[in-house]
Amino acid sequence: MPTVGVKRDLLFKALGKTYSKYRREANEMGKVSDDEFQKLCFEFGLELDEVTTEKQMITKEQGQVEAAKDASEEIIYRIDIPANRYDLLCLEGLVMGLQVFLGKLKFPRFSKVGPAGKGTAPQKMIVTKATAQIRPFAVAAVLRDITFTKDSYDSFIDLQDKLHQNICRKRALVAIGTHDLDTLQGPFTYDAKPPKDIRFVPLNQEKAMSGEELMEFYSTHAQLKAYLPIIRDSPVYPVIYDANGVVLSLPPIINGDHSKISLKTRNVFIECTATDLTKARIVLDTLVCMFSTHCAKQFTVEYCEVVSAAGETKQYPDLAFRKETISVAKTNAYIGLNVSAEEMAKLLNRLLPTKQTDADTLEVEIPPTRHDMLHVCDIYEDVAIAYGYNRIPKTLPAKMHIAKQYPLNKLTEQLREQIAQAGFTEGLTFTLCSRDDIATKMNASIEQIPAVHIANPKTLEFQVVRTTLIPGLLKTLAANRKMPLPLKLFEVSDVVLADSKSEVGAKNERRVCAVNCNKTAGFEVVHGLLDRVMQLLEVPWDKATGYYLRACDDPAYFPGRCAAVLYKGTEIGRIGVLHPTVLQAFELTTPCSVVEFNMEYFV
């Protein structure tokens, strides 16, 4: 959960309040104390973590009073913000949210506008095909006629840092660049070039550097060195330049010094480059919505045209308001309330624009600042926040019953015990694995496997969610190949399969998998285990009402030594001797026989 530090006096001034140290004085004179503000934060769904000063923070972090001698003693509120509330990561968003919550401000209508002046073309960014090699997406916008103060400028920079650390995943998914538009000439080009062909003066430096020199120069930098590995090993680096060839930035590392913004900047060009277009759109929407409050025409943003590598032109930012409908009766039932549609609409308007359409239906408008609203259950949560969690009546469950174990988990525990008694040792392997583990090493193509892929894998070992338990057990065998034979392992766990019919696009499937590794394959060992499990489940050997085997071909198994396990005519698994190339891929030298089947049919 990110923590935002805001200056108390600045926050109260923006809220139209003044501070009092004592609660009694605050109540009598209409002021706000620390306790009163903490209560307001709780009602709004936040938590006031700490009341401190810059001097105290430095002393606490570094343990040296001397290091903080020049630090400010201005009071700072450190507020814990939910990780998905990107709109509350700065003073502007916090003030806007609290003012709407307190009923002092109607929810702003953010809008995108064209450039001022007849016949003036919008700013354009052209994305080249070369960017597909490293960071293929870009979005952009302009904040026109903005006025910065020292505090709002610091807040603007701090919000970018907070977004980089949060949704941008330390710039791996999205990198933000902000520039003084008056120092540049459009259209802009987003390209990818070899590092030796890129040369510019980095931010706050005086000497021009190539891409290679820049990597070397910042390799010891306290903050920027963490971002270098994102592009360092790539044959090309992403770069943005204007119509005159002036470099704006080398994302995700650093901006150019030529276009740096300052307190005197009046027009800000914002660009976001990304590996995830959805995240880039969220980041851009958040940034421009928060700081359009400082523009001459509040809550308006000048759009930019982005021409993709495919030649498609789109306007950014989106600033889209979408509508959702909720049932008042269902909302009351989920939360445990009994409020009318009129009262619920009044409550929700403290957080989201809402209107009543009929006796049981509310139409809720989701603004571009609330990208955390993914489902109607998120709206239910906002109803509960607006009503007040402490005010929700405590009730006993309508029906009392004795809990029981989930049937699938109960059967899983029973089978684990019985398979262990059959002489097999249980393994517990990673749910994530590499693409090669479930595809190449198993003599299969990844395109033909219904795997769920990780969007931003940290390592090559964890790229997909496993679709079979076999690779995990084979890697366990490889790690224990010095142990005396036979090695008999089993696992009863879930695999995950992509499923377009499922609400979330994937489904879990509980499977039983056992491997026998010996000087001979020992097919009869795993066949015997399968028979024993079926005996325990009281499933007969019968084609119509029970289970049976049918010969089949599978590239992971030795030709002619593989069979499908069928239950009432439906294939539920495979049994056989693994192919030598599969064993070689997992660094095994002894034959292995395997059985794997779906156990959910027997619950």
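Modeller: Let us begin with a definition: two strands pair if DSSP finds at least two bridges between them. Please keep in mind that this is a predicted model.

Colleague: How many bridges join S2 to strand S3, and which residue of S3 does Val-51 stand opposite?

Modeller: In general, strands of a sheet pair through backbone hydrogen bonds, either parallel or antiparallel. Here, six bridges join S2 to S3, residues 75-80, and the two run antiparallel. Val-51 stands opposite Tyr-77 in S3.

Colleague: What is the order of the strands in the open sheet?

Modeller: The three strands are ordered S1-S3-S2, and their pairing is antiparallel. The edge strands, each pairing on one side only, are S1 (3-7) and S2 (47-53). From one strand to the next, the twist averages 25°. Helix H1, residues 8-15, packs on the sheet and touches S1 and S3; the direction of H1 makes about 80° with that of S1.

Colleague: How should I read the packing of helices, and at what angle do H12 and H15 pack?

Modeller: Two packed helices are described by the angle between their axes and the distance between the axes. Helix H12 (residues 407-421) and helix H15 (residues 523-536) pack at about 135°, and their axes are 11 Å apart. The two helices are therefore oblique to each other. H12 passes H15 in a right-handed crossing.

Colleague: Which residues make the contact?

Modeller: H12 contributes Leu-415, Gln-418 and Ile-419, while H15 contributes Leu-529, Arg-532, Val-533 and Leu-536. By class, five of these residues are nonpolar, one is polar and one is charged.

Key. Residues numbered from 1 in each chain as written. Predicted model: local features only at pLDDT ≥ 70, side-chain atom pairs only at ≥ 80, totals over all residues. Heavy atoms only, no water. Helix = DSSP H or I, 4+ residues; strand = E, 2+ residues; numbered from the N terminus. Axes fitted to C-alpha atoms, helices over the stretch in contact; angles between N-to-C directions. Contact = heavy atoms within 4.5 Å. Parallel < 35°, antiparallel > 145°, perpendicular 65-115°, else oblique. Left-handed = near helix turned anticlockwise from the far one by under 90°. Nonpolar A, V, L, I, M, F, W, Y, C, P; charged D, E, K, R; others polar.
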